[in-house]
Amino acid sequence: MVCDCCGKKRKLFESFAAVKYKQAQLNFCVDCNDLAYKVRDDANEQNNDSYEKHLKEWKKRAKEPSELFLAWQQEFLTPLEKSLKKEESK
Ligand SMILES: [Zn+2]
């Protein structure tokens, strides 16, 4: 099993996060999964600077992302981007 984000191979006893998406499954290593959660937390906390920083880090990790991953990431980020923009225009 490899991480769908960074392409890293799962090591023995390492736990990967599984995300169901469109009848398929994406697998993320701990580091990529952490970043996804950080990005979401930043958006929830309206922390724009931190969000941009973590998003950049996350996108840098995805060196050869699959189309499925990119589609999932887009859907994951869209509501977050919206919530951040709403705050900005206040
Ligand atoms: Zn990874």
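**View 1. Asn33 and its contacts beyond the local sequence.** Once its neighbours within four places in sequence are set aside, Asn33 is in contact with Ala17 and Phe28, where contact means that the C-beta atoms, placed from the backbone, lie within 7 Å. This is a predicted model, in which local features need pLDDT of at least 70, side-chain atom pairs count only at pLDDT 80 or more, and totals for chains, interfaces and linings use all residues. Residues are numbered from 1 along each chain as its sequence is written. Asn33 sits in helix α1; helices here are DSSP runs of H or I with at least four residues, strands are runs of E with at least two, and both are numbered from the N terminus. With 18 other C-beta atoms within 10 Å, Asn33 is partly exposed. On this scale a residue is buried if 20 or more other C-beta atoms lie within 10 Å of its own, exposed if 12 or fewer, and partly exposed in between. Tyr51 makes a handy reference point: Asn33 and Tyr51 are 18 residues apart in sequence and 15 Å apart in space, C-alpha to C-alpha.

**View 2. Phe28 and the largest nonpolar core.** Which residues touch the most other members of the 15-residue core? They are Phe28, Cys32, Ala36 and Val39. A nonpolar core is a set of buried Ala, Val, Leu, Ile, Met, Phe, Trp, Tyr and Cys residues joined through C-beta atoms within 7 Å. Two or more residues of this core come from each of β2 (24–28), α1, α2 and α3 (67–88). Helix α1 gives the largest share, 5 residues. Leaving out neighbours within four places in sequence, the contacts of Phe28 include Cys3, Asp4, Cys5, Phe16, Val19 and Ala36.

**View 3. The packing of α1 against α2.** Two packed helices are described by the angle between their axes and the distance between the axes. For helix α1 (residues 30–44) and helix α2 (residues 48–61), the axes come within 9 Å and cross at roughly 155 degrees. Axes are lines fitted to C-alpha atoms, for helices over the stretch in contact, and angles run from 0 to 180 degrees between N-to-C directions. α1 and α2 are therefore roughly antiparallel to each other, a label for angles over 145 degrees. Their crossing is left-handed, that is, the near helix is turned anticlockwise from the far one by less than a right angle. Among the residues making this contact are Cys32, Leu35 and Val39 of α1, together with Tyr51, Leu55 and Trp58 of α2. By class, the contact has 8 nonpolar, 2 polar and 4 charged residues; Ala, Val, Leu, Ile, Met, Phe, Trp, Tyr, Cys and Pro count as nonpolar, Asp, Glu, Lys and Arg as charged, and the others, Gly among them, as polar.

**View 4. Two loop residues with positive phi.** Most residues other than glycine have a negative phi. Gln23 has a phi near 60 degrees, a positive value, and its place is in the loop between β1 (17–21) and β2. Gln23 is exposed, with 5 other C-beta atoms within 10 Å. Gln46 lies in the loop between α1 and α2 and has a positive phi of about 55 degrees. Buried, exposed or partly exposed: what is Gln46? Gln46 is partly exposed, with 14 other C-beta atoms within 10 Å.

Note on methods
Angles under 35 degrees count as roughly parallel, over 145 as roughly antiparallel, 65 to 115 as roughly perpendicular and the rest as oblique. Two residues are in contact if their C-beta atoms, placed from the backbone, lie within 7 Å.
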